[in-house]
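Reader: I would like to learn how to read a structure, one feature at a time. Where do we start?

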Amino acid sequence: MQLTDTEKAMRDGSNGPAVARSMDLLIRYGEALGAERLVETRNVAGAYNASTPSVRSLAEEGFGRVFSELNLDSDEVVEVPRMAVPTCQLITGIDLDNHELQGADPALVEMQRAGEKYLGKRGVNMMCTCTPYQVGNVPVQGEHCAWMESSAVIYCNSVLGARTNVEGKESTGAAGLTGRIPYWGLHRHENRLANRLIRVETEVNDMADWGVLGYFTGFEVEENNPAFEGLTYLPDLMKLKHFGAAAASSGGVEMYHMPGITPEAPTMDAAFGGTARPEAIVFGEAEKRRTWARLQNATDRKLDFVMLGCPHNSIEQMSLVAELLEGRKIHPDTALWVHTPRAIRQIADRSGYTDIIRAAGGEVMSDTCPSISRRMPEGVRVIATDSAKQAHYLPAIGKVQGWFGSVQQCVDSAVAGEWLGVVQ
Amino acid sequence: MSETAAQSRVITLRGRKVVGGKARAEALVTTQTISGWGGINERDGSVIELHHELNGQSFAGKVLVFPGAKGSSGWSAYFHMCRLNGTAPAAMIFTRMTTKIALGAVVTRVPTVTDLDGDPFELIESGDLVEVDADAGTVTITKPPG
């Protein structure tokens, strides 16, 4: 791989041992990919937190040991300096204000707190959400980024037109300390063009429809780049957030085009870069029904837990949940947790939404989600969620039955204590 | 040379080094991609994904032959933990290059090759003895006699 003089100097230790270890990892990683060179980035989003039992023994040796091993793949414990470029923390495992509700081990809560201090001192911005683009990290079109979190990566590439591959814990550690990432995959224009075509022949309008279309898309195109025709309603941030998270869960979609909507596809021809269009994959009424059914992994209607906010809710979604719950009471045998970034929670608190949700018996959570934390209220057997991504992961991770439906169906079911959604 | 060894069939494939090194072990083959986070148990190296054909089987100490990685960006972190726990594969052979598998192989630090000149899913079966010499870019498959 070709390195600039600056990169060679970093490799050889000009900026200290942590940067040298970072460059060593990026070179090994770039050569494994077959990348020709690295590219500069000033936007890194990674996972640096230490909040899981498996990290505990490393954390007992200090956070320098955790960062060296898990974020730099370095056997040697190196002193970690301040990040060289803007770097943020994605979702973590513990809500520091609601850890008792989560049932988190107090020792792990302390580990998380101490770890955040260590990282903050090194310039890691504690956004603590899977949606950094909702709380101030909004790259511009064409910007090279190094992001983890599949739902954020697909949003970054497709909706914002910035450029990132799905990075990992180690590559985002090295990127934060060097401002470099392999120039490969979606950093290159030719790999961003559409190579699959999906023709929408049914209405895709509300949030649940967008989730179902995303879930269908992932199964159909796996890791390819789909373009869409036949969309008749203009989506917004919330809908594309939900759609992308679903497509990245059922497949490995990291880039899509909606001509006239997403920035790299003013036209269908632009989406395909002038190459021939493949035969269209049809998403019609039958496909919508079949995909909806595929998201239902439950048989029992008695409902123990409703999870809202995956990916983390926007303020508009918080407002809607409050509106749907106002003056109502959630069934005593059912718990409802709504997840939103801490920065958005502040707005929800100030707008009175948190009080309404809590008065109805629900909880507003931040920093984490049940799939990441692996924590739910005790004794949960049956869950419901308005997220196709959470419906995909949580039944397997939490060994529970899972229903998927609209936010209205989820809220009404939480009040009734039983699943009222449609079983198709 | 023993009669058994004389009857074994040996096949050699050439490919590209992803991570250097040399290892020899029994193969574990799947035509299905593997998830890291949510797909494996890093404590014993077993596949836990519900409908995966390797569900319940461990790749620890085996030559893992698979198409590559899928799912969460936590892929590398989970295979990294396998190395720390001593439950990593002995070597890896895969066919679909992605950032997840490349970074995962690098931090797992086991000999890894891709772009082979023959179809590994046709030529390698679980239980075959496989030597991966990643620096030389070769995979040597010894088929049991019979």
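Author: With a proline: Pro311(A) sits in the loop between β10 and α13 (315-325) of chain A. Helices (H or I, at least four residues) and strands (E, at least two) are DSSP runs, numbered from the N terminus. This is a predicted model, in which local features need pLDDT of at least 70, side-chain atom pairs count only at pLDDT 80 or more, and totals for chains, interfaces and linings use all residues. Residues are numbered from 1 along each chain as its sequence is written, chains are lettered from A and ligands numbered from 1 in the order in which they are written, and side-chain values use heavy atoms, with hydrogens and water left out.

Reader: Is the peptide bond from Cys310(A) to Pro311(A) cis or trans?

Author: Most residues other than glycine have a negative phi, and most peptide bonds are trans. The bond from Cys310(A) to Pro311(A) is cis, with omega near -15 degrees.

Reader: Which value does phi take in Glu149(A)?

Author: Phi of Glu149(A) is near 75 degrees, a positive value in a residue other than glycine. Glu149(A) belongs to the loop between β5 and α7 of chain A. Glu149(A) is buried, its relative accessible area being 10%. Buried means under 20% relative accessible area, exposed over 50%, partly exposed in between (1.4 Å probe, protein chains only). Arg109(B) also has a positive phi, near 60 degrees, and lies in the loop between α3 and β10 (112-114) of chain B. Arg109(B) counts as partly exposed, at 30% relative accessibility.

Reader: How many residues of helix α7 (residues 150-158) of chain A are buried?

Author: Nine of the nine residues are buried, so helix α7 of chain A is largely enclosed by the rest of the structure. Among them are Val153(A), Ile154(A) and Tyr155(A). The buried residues of α7(A) pack against β5 (146-147), α10 (237-250) and α17 (388-398) of chain A.

Reader: How do I read a sheet?

Author: Strands of a sheet pair through backbone hydrogen bonds, either parallel or antiparallel. Here, two strands pair if DSSP finds at least two bridges between them. Five strands of chain A form an open sheet with parallel pairing, in the order β12-β11-β10-β13-β14. Its edge strands, β12 (363-365) and β14 (401-404) of chain A, each pair on one side only. Strand β10 (residues 305-308) and strand β13 (residues 382-385) of chain A are joined by three bridges in the parallel sense. Phe305(A) has Ile383(A) as its bridge partner in β13(A).

Reader: How many residues does each chain give to the contact between chain A and chain B?

Author: The size of an interface is often given as the accessible area lost when the parts come together. Contact means heavy atoms within 4.5 Å. Chain A gives 33 residues and chain B gives 28 residues. The area buried between the two chains is about 2,500 Å², with 58% of it from carbon and sulfur atoms; buried area is the accessible area (1.4 Å probe) that two parts lose on being put together, summed over both.

Reader: Which residues is Thr99(B) in contact with, leaving aside its neighbours within four places in sequence?

Author: They are Tyr29(A), Leu33(A), Asn165(A), Val166(A) and Trp184(A). Thr99(B) lies in helix α3 (residues 99-108) of chain B and is buried, with a relative accessible area of 4%. A polar atom of the Thr99(B) side chain lies 2.7 Å from the backbone oxygen of Val166(A).

Notes: A polar contact is a pair of N or O atoms within 3.5 Å; within protein, one must be able to donate a hydrogen and the other to accept it, and residues adjacent in sequence count only if both atoms are side-chain atoms.
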